[in-house]
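This report describes selected features of one protein model.

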Amino acid sequence: MPSSFIIDQPYRPHSLHAHDRIWTETNCYVDLWIEVVHARGLDPHALLPCLVRLDWECDQITFMKPSHDDLLSLYGFLVDEL
């Protein structure tokens, strides 16, 4: 097993999820990716532009979700949804 998978200290959530953060709203999908990226030792800030491209579609707001292409090009994550 690669050494990057060995956990030798307690996991700490990314600072975007700190208890003293200013913005307390969450999105389960984006929150999941923030922690997955952080757990791999990478910076999750690069996936946040998906939050800027939200749009109002008459009766709802577009779901905040990083694109699979972004996850692949930024972090090398190949994502398939079932």
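## Histidine 45 and its surroundings

In this predicted model, the side chains of histidine 45 and aspartate 43 are joined by a polar contact of 2.6 Å. Histidine 45 is found in the loop that runs between helix 1 (28–39) and helix 2 (68–75).

When neighbours within four places in sequence are left aside, histidine 45 is in contact with His14, Leu16 and Tyr75. Histidine 45 and isoleucine 34 are separated by 11 residues in sequence, and their C-alpha atoms lie 8.0 Å apart in space.

## The largest nonpolar core

The largest nonpolar core consists of 12 residues, among them Ile34, Val37, Leu47, Tyr75 and Phe77. Helix 1 and helix 2 each contribute at least two residues to this core. The largest share, five residues, is supplied by helix 1.

Not counting residues up to four places away in sequence, valine 37 touches Leu42, Asp43, Pro44, Leu47, Tyr75 and Phe77.

## The second largest pocket

The second largest pocket holds about 290 Å³ of space. Its lining is made up of 13 residues, and those nearest its centre are Trp23, Glu25, Thr26, Asp31 and Leu51. Grouped by class, the lining of this pocket has seven nonpolar, three polar and three charged residues.

Technical notes
Residues numbered from 1 in each chain as written. Predicted model: local features only at pLDDT ≥ 70, side-chain atom pairs only at ≥ 80, totals over all residues. Heavy atoms only, no water. Helix = DSSP H or I, 4+ residues; strand = E, 2+ residues; numbered from the N terminus. Contact = heavy atoms within 4.5 Å. Polar contact = N/O pair within 3.5 Å; in protein donor to acceptor, adjacent residues only side chain to side chain. Core = buried A, V, L, I, M, F, W, Y, C linked by side-chain atoms within 4.5 Å. Buried < 20%, exposed > 50% of the residue type's maximum accessible area, 1.4 Å probe, protein only. 1 Å grid on protein atoms, 1.4 Å probe; cavity = no way out; pocket = protein on both sides within 12 Å on 5 of 7 lines; lining within 4 Å. Points joined across faces, edges and corners; volume = space filled by probe spheres on them. Nonpolar A, V, L, I, M, F, W, Y, C, P; charged D, E, K, R; others polar.
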